[in-house]
Amino acid sequence: MAELRTRANAVGVDENYITLLLDNFYSRVRRHEVLGPIFQDTIGNDWSEHLVIIKSFWVSFIFGDGSYKRDMGPIHKNLTDVKPEHFAIWLELFRSTLEDTAPQPEAIEFFMARAGRVAQGLQTIMYGRKKPPQSAP
């Protein structure tokens, strides 16, 4: 969808920014006291393949171009250490990364609306829940 790409570009979001955002975000995830061990157990020390996959997903999702073809369901359904409350932490960390890196303030809400949909979708896949995650205390 050219319209989504135009809207993203209007708030300073392009492929380079998505790479910057995700590199920063997942660096923070890896250091996070709660999320870090969960991701470490699943991904290990070699994040190169995961980052390529996740960047491909976000580029496709943000621009609506349909280029991401993988099914996230089977992989995420097997993540038994991930609990519903972890999604709120993930979203807060995502927001703080956006606040520190966004090219324009409008990019924060542009991304957060989509990050909320990702979190909700993964929870539905993993737990059958349709309720959006609540903020961590």
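What covers the buried residues of helix 3? The cover includes helix 2 and helix 6. The model is predicted, and its secondary structure comes to 7 helices and 0 strands. Buried residues account for 43% of the 137 residues in the protein.

**Overall layout**
- Along the sequence the pattern reads α-α-α-α-α-α-α.
- Of the contacts between residues at least 6 apart in sequence, 76% join residues at least 24 apart.

**Helix 3**
- Leu35, Gly36, Ile38 and Phe39 are the buried residues of helix 3.
- Viewed down the axis of helix 3, these residues fall within an arc of 165 degrees, so they line one face of the helix.
- Gly44 follows helix 3 and has a positive phi, near 80 degrees.

**Nonpolar core**
- The largest nonpolar core holds 43 residues, and those with the most contacts inside it are Val13, Tyr26, Trp58, Trp90, Phe94 and Phe111.
- Two or more residues of this core come from each of helix 2 (15-31), helix 3 (35-43), helix 4 (48-63), helix 6 (84-101) and helix 7 (105-127).
- Helix 7 gives the largest share of the core, 10 residues.
- In soluble globular proteins, nonpolar side chains tend to be buried together.

**Contacts of Tyr26**
- Tyr26 is among the residues with the most contacts inside the core.
- Apart from neighbours within four places in sequence, Tyr26 is in contact with Phe39, Trp47, His50, Leu51, Ile54 and Trp90.
- One of these partners, Phe39, is also a buried residue of helix 3.

Methods: Residues are numbered from 1 along each chain as its sequence is written. This is a predicted model: local features need pLDDT of at least 70, side-chain atom pairs count only at pLDDT 80 or more; totals for chains, interfaces and linings use all residues. Side-chain values use heavy atoms; hydrogens and water are left out. A nonpolar core is a set of buried Ala, Val, Leu, Ile, Met, Phe, Trp, Tyr and Cys residues joined through side-chain atoms within 4.5 Å. Buried means under 20% relative accessible area, exposed over 50%, partly exposed in between (1.4 Å probe, protein chains only). Helices (H or I, at least four residues) and strands (E, at least two) are DSSP runs, numbered from the N terminus. Contact means heavy atoms within 4.5 Å. The arc is that of the directions from the helix axis to the C-beta atoms.
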